[in-house]
Amino acid sequence: MKLEQYRGAYYEYSGKASDIARQLGFAGIALIWAFKTNNSDGSFSLAPELLLAGALIVAGLSFDLLQYVVAAVIWGTYSRHKEKQGIKSDSNLDAPRYFNWPGLAFFTLKIVSILSAYAVLFCFLWKRLI
């Protein structure tokens, strides 16, 4: 297989993982909401495990946004810098590897946060079933 095919597979799988993590985040919020307790004064409360899961989901969704915002700023700034240097748009360039590191860090944090939230939700549901 050619390197570009490996890279294409990486883009496909990381993009799909991001989509699934985002969907799981929204589904997790809905699940948490389904287990809220209504209080007599009209307010509601959540079990501590659900608060933790919710915080992890919000963190995961925040990391999802940051992954794309930071990457857009880095690559937009780099391309604008090269344009100002007079580099033509069809030129081949080697950008520093570390430009990808912030996006990869946020990608990893997003996946870890969502998986952690689901581990907490699983434990909560398991206790409810037993």
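Analyst: A helix here is a DSSP run of H or I at least four residues long, numbered from the N terminus. The model is predicted, so local features need pLDDT of at least 70 and side-chain atom pairs pLDDT 80 or more, while totals for chains, interfaces and linings use all residues. Residues are numbered from 1 along each chain as its sequence is written, and side-chain values use heavy atoms, without hydrogens and water.

User: Happy to start there! What makes Arg22 and Asp19 a salt bridge?

Analyst: Their closest N and O atoms are 3.1 Å apart, and a salt bridge asks for a side-chain nitrogen of Lys or Arg within 4 Å of a carboxyl oxygen of Asp or Glu, so the pair qualifies. Both residues sit in helix H1 (residues 3-34), 3 residues apart, about one turn of the helix.

User: Why is Arg22 called partly exposed?

Analyst: Its relative accessible area is 24%, and the class covers what lies between buried (under 20%) and exposed (over 50%), with a 1.4 Å probe and protein chains only. Asp19, at 35%, is partly exposed for that reason too.

User: What about Glu49 and Lys127?

Analyst: They form a salt bridge with closest N and O atoms 3.4 Å apart. Glu49 belongs to helix H2 (residues 48-84) and Lys127 to helix H3 (residues 101-129), so this pair ties together parts 78 residues apart in sequence. Glu49 is partly exposed at 26% relative accessibility, whereas Lys127 counts as exposed because its value is 55%.

User: Which side chain does Arg80 meet in a salt bridge?

Analyst: That of Glu83, at 3.1 Å from N to O. Arg80 and Glu83 are 3 residues apart in helix H2, about one helical turn. Their relative accessibilities are 45% for Arg80 and 48% for Glu83, so each counts as partly exposed. The structure holds 5 salt bridges.

User: Now the largest pocket: what lines it?

Analyst: There are 15 lining residues, with Tyr10, Tyr11, Ser14, Asn100 and Leu104 nearest the centre. H1 gives the largest share, 6 residues, and H1, H2 and H3 each supply at least two. The lining divides into 8 nonpolar, 6 polar and 1 charged. The volume is about 470 Å³.

User: And how much space lies in the second largest pocket?

Analyst: About 220 Å³. Its lining includes Trp75, Tyr78, Pro96, Arg97 and Asn100, and divides into 5 nonpolar, 3 polar and 2 charged residues.

Notes
On a 1 Å grid over the protein atoms alone, a cavity is a set of points where a 1.4 Å probe fits but cannot get out, and a pocket is an open set with protein on both sides within 12 Å along at least five of seven lines; lining residues have an atom within 4 Å of a point. Grid points are joined across faces, edges and corners, and a volume is the space filled by probe spheres set on the points. Ala, Val, Leu, Ile, Met, Phe, Trp, Tyr, Cys and Pro count as nonpolar, Asp, Glu, Lys and Arg as charged, and the others, Gly among them, as polar.
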